Amino acid sequence: MTGVLYGVGVGPGAPDLLTLRAVNALGKVDVILAAASPRNDYSTALETARPHLRPDVRLLRLEFPMTRDRTVLHEAWRVAAEATQQVLEAGENAAFLTIGDPLVYSTFGYLMRTLKKSAPHLPIEIIPGITSIQAAAACTGTILCENSETLSILPGINSREELELALHGADTAVILKAYRNLPAIVEALRSTGRLDSCILASHVEQPAQNLRLGIEAQEGTPPYMSLILSRKPKAE
């Protein structure tokens with residue numbers, strides 16, 4: 001009998017924001033699959049989930065390099081899927097931990113797709129998690145959408161033109177990965193009249209949490225875990 005792979009969203013970073021279903025799943029697993037960069041041993045998802053882990057659980061690091069080289073990425077996904085398959089076929093349950101939700105800009109999606117191709121017989125269960133988007137909105141009292149309003153989730157790595165177009169069409173926009181491309185993000189926010197009213201949120205629900213209204217034109221690079229909340233300015 002094979003084990004089950006659980007894709008577990010552990011929320012934005014506070015151990016008490018895991019769902020009951022996530023905590024129950026963590027109590028069943030023999031192995032924790034922790035995604036990590038080859039350059040960094042620390043896993044925010046692992047530290048968030050640690051209070052809920054069994055004392056005897058085994059940790060298996062899966063390395064996912066921070067690169068856009070598709071050849072390197074595909075090889076990393078293959079190796080990770082192979083390691084996961086070995087665990088499951090040995091009859092052990094495993095949980096892949098991901099900050100936020102497993103299906104929102106998460107490495108879990110790559111692992112799941114690769115594993116389904118190489119070993120479609122293995123069972124996979126996905127447990128949703130609270131995202132940094134919802135957490136940041138709650139911390140700042142920001143209404144994400146109501147009535148007929150639209151909510152757009154944008155990757156900050158897009159060009160200024162792409163961001164500007166999307167911002168024009170959204171009542172509320174959330175820009176994730178806001179640490180990479182800030183000059184383009186700032187210009188898009190300025191051109192759509194959102195620069196002074198947006199909220200820059202970093203390390204939401206973590207000890208280093210920082211929430212700030214507006215972005216300075218000469219802003220330094222925000223922390224890795226940063227997002228921007230922006231509501232469309234109301235007409236006078």
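The model is a predicted one, so local features are taken only at pLDDT of at least 70 and side-chain atom pairs only at pLDDT 80 or more, while totals for chains, interfaces and linings use all residues. Residues are numbered from 1 along each chain as its sequence is written, and side-chain values use heavy atoms, with hydrogens and water left out.

The inside comes first. A nonpolar core here is a set of buried Ala, Val, Leu, Ile, Met, Phe, Trp, Tyr and Cys residues joined through side-chain atoms within 4.5 Å. Buried stands for under 20% relative accessible area, exposed for over 50%, and partly exposed for what falls in between (1.4 Å probe, protein chains only). The largest core has 20 residues, and the ones touching the most other members are Leu5, Leu33, Leu62, Ala94, Phe96 and Leu115. Two or more residues each come from strand E2 (31-36), helix H3 (70-89), strand E4 (94-98) and helix H4 (108-118). Helix H3 gives the largest share, seven residues. Helices (H or I, at least four residues) and strands (E, at least two) are DSSP runs, numbered from the N terminus.

With neighbours within four places in sequence set aside, Leu33 is in contact (heavy atoms within 4.5 Å) with Leu5, Leu60, Leu62, Thr84, Ala94, Ala95, Phe96 and Leu97.

Gly7, in strand E1 (residues 5-9), counts as buried because its relative accessibility is 0%. Leaving out neighbours within four places in sequence, the contacts of Gly7 are Phe96, Pro102, Phe108, Glu125, Ile126 and Ile127. Ala119 is 112 residues away from Gly7 along the chain, and the two C-alpha atoms are separated by 16 Å.

Now for helix H6 (residues 160-168), whose buried residues are Leu163, Glu164 and Leu167. They sit on the same side of H6, because they cover an arc of only 100 degrees around the axis; the arc is that of the directions from the helix axis to the C-beta atoms. That buried set packs against E6, strand E7 (172-176) and helix H7 (182-191).

Strand E6 (residues 151-155) also holds Leu151, which is partly exposed because its relative accessibility is 34%. Together with Val104, Tyr105 and Ile153, Leu151 makes a nonpolar surface patch of about 320 Å². Patches are made of residues with over 30% relative accessible area and no salt bridge, where like charges are joined within 9 Å and nonpolar side chains (Val, Leu, Ile, Met, Phe, Trp, Tyr) within 5 Å. The areas come from the Shrake-Rupley method with a 1.4 Å probe, and for residues only the protein chains shown count as cover.

On to the charges. The structure has 11 salt bridges, each being a side-chain nitrogen of Lys or Arg within 4 Å of a carboxyl oxygen of Asp or Glu. One of them joins Arg50 to Glu47 (2.7 Å, N to O). Arg50 is partly exposed at 42% relative accessibility, and Glu47 is partly exposed too, at 32%. Two other pairs lie within helices. In helix H3, Arg78 and Glu82 are four residues apart, about one turn, and their side chains meet at 3.3 Å, N to O. In helix H7, Glu187 and Arg190 are three residues apart, again about one turn, with a bridge of 2.5 Å, N to O. An α-helix has 3.6 residues a turn, so residues three or four places apart point the same way. Asp30, Arg54 and Asp56, meanwhile, are linked in a salt-bridge network.

Asn147 is not a glycine, yet has a positive phi of about 50 degrees. Asn147 belongs to the loop between helix H5 (132-140) and E6, and is exposed, with a relative accessible area of 80%. Glu205 also shows a positive phi, near 60 degrees, and is found in the loop between E8 and strand E9 (210-213). Its relative accessibility of 29% makes Glu205 partly exposed. Ser202, in strand E8 (residues 199-202), is buried at 4% relative accessibility. Apart from neighbours within four places in sequence, Ser202 is in contact with Ala208, Gln209, Asn210, Pro223, Met225 and Ser226.
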